[in-house]
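Reader: I have the sequence and the coordinates open. Walk me through the fold, one step at a time.

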Amino acid sequence: MNKKHIVIIGLGGVGGYFGFKISQNNETNRQNKISFIARTKTYETVKKRGLMLLSSEHKNSITNPDVIYQNISEIKNPDLVFICVKEYDLENICSQLSKVITKNTVLLPMMNGADIYDRIRKIIPNNIILPSCVYVASHIKEKGIVEHKGKTGQLIFGKDSKHPTENIDWILNLIEKSGINFKFKESSQIDIWTKFIFITRSAL
């Protein structure tokens with residue numbers, strides 16, 4: 001199998017937790033190339049010491065990706081991009097991504113919001129986008145250090161309604177081998193809206 005280039009953009013509570021699992025699993029077999037994108041202080045910390053995840057799920061709390069970048073413009077030929085950024089930064093990130101992705105790059109946003117898919121689609125009209133929602137109790141303890149408590153994080157995602165017949169088995173295999181608790185569905189829209197409503201009510 002050809003190596004895939006997996007990119008995780010954002011190493012906050014979500015990207016740090018799930019990105020850690022993907023990177024640490026890859027360290028055991030080097031089947032893929034894992035790249036992290038992080039801002040200045042996080043970039044410097046992870047480049048020097050690795051990404052740390054404080055969690056009962058992992059005895060070894062450090063992982064070192066194959067590469068860490070500060071800028072999306074440095075990415076070359078990504079096969080799968082996990083977008084784990086703040087909602088207000090989405091359009092900016094997608095505009096930058098549009099210049100480096102290939103026609104075969106798959107995007108998997110790990111973000112809250114009922115309109116994330118549509119907002120990405122406006123900027124990146126043709127690629128596969130896998131709509132998702134996540135449940136994970138994790139946060140940044142310090143730059144480059146993510147702390148996770150409570151239940152195992154869960155990723156729920158579904159097919160792209162614009163590309164429903166595309167084979168993404170390799171992505172399911174990657175996520176499963178990374179030890180990520182996930183559910184894959186024909187459509188994840190009900191789950192996305194359920195999470196969105198829950199967050200909205202909690203904020204009231």
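Reader: Helix 3 lies across which strands, and at what angle does helix 3 run to strand 6?
Author: The model is predicted. Helix 3 covers residues 90-97. Helix 3 lies across strand 1 (5-9), strand 6 (80-83) and strand 7. Its angle to strand 6 is about 165°.

Reader: What is the strand order of the open sheet of 6 strands, and which strands stand at the edges?
Author: The open sheet has parallel pairing and the order 5-2-1-6-7-8. Strand 5 (67-69) and strand 8 (128-129) each have a single partner strand, so one side of each lacks a neighbour in the sheet. The edges are therefore strand 5 and strand 8.

Reader: How many bridges join strand 6 and strand 7, and which residue stands opposite leucine 80?
Author: Strand 6 and strand 7 pair in the parallel sense, over 4 bridges. The chain gets from strand 6 to strand 7 through helix 3, in a right-handed β-α-β crossover.

Reader: What is the bridge partner of valine 106 in strand 8?
Author: Strand 7 (residues 106-109) also runs parallel to strand 8, joined by 2 bridges. Strand 7, helix 4 (residues 116-123) and strand 8 form a right-handed β-α-β unit. In strand 8, valine 106 has as its bridge partner isoleucine 128.

Reader: Are the faces of strand 7 covered or open?
Author: Take one side: Val106 and Leu108 are buried. Take the other: Leu107 and Pro109 are buried too. Both faces of strand 7 are covered.

Reader: Which residues touch the most other members of the largest nonpolar core?
Author: That core holds 33 residues. Leucine 108 has contacts that include Leu80, Phe82, Leu130, Leu155 and Ile175. Another core, of 22 residues, lies apart from the largest one, with Ile116 and Tyr117 among its members. In the largest core, the residues touching the most other members are Phe82, Leu108 and Leu155.

Reader: Is proline 131 buried or exposed?
Author: Proline 131 sits in the loop between strand 8 and strand 9 (132-135). Leaving aside neighbours within four places in sequence, its contacts include Tyr117, Phe157, Lys159 and Ile192. Its relative accessibility is 5%, and the cut-off for burial is under 20%, so proline 131 counts as buried.

Reader: What separates the C-alpha atoms of proline 131 and isoleucine 34?
Author: Along the chain, proline 131 and isoleucine 34 are 97 residues apart.

Note on methods: Residues numbered from 1 in each chain as written. Predicted model: local features only at pLDDT ≥ 70, side-chain atom pairs only at ≥ 80, totals over all residues. Heavy atoms only, no water. Pairing = 2+ DSSP bridges. Contact = heavy atoms within 4.5 Å. Axes fitted to C-alpha atoms, helices over the stretch in contact; angles between N-to-C directions. Buried < 20%, exposed > 50% of the residue type's maximum accessible area, 1.4 Å probe, protein only. Right-handed = clockwise from strand over helix to strand, strands pointing away. Core = buried A, V, L, I, M, F, W, Y, C linked by side-chain atoms within 4.5 Å.
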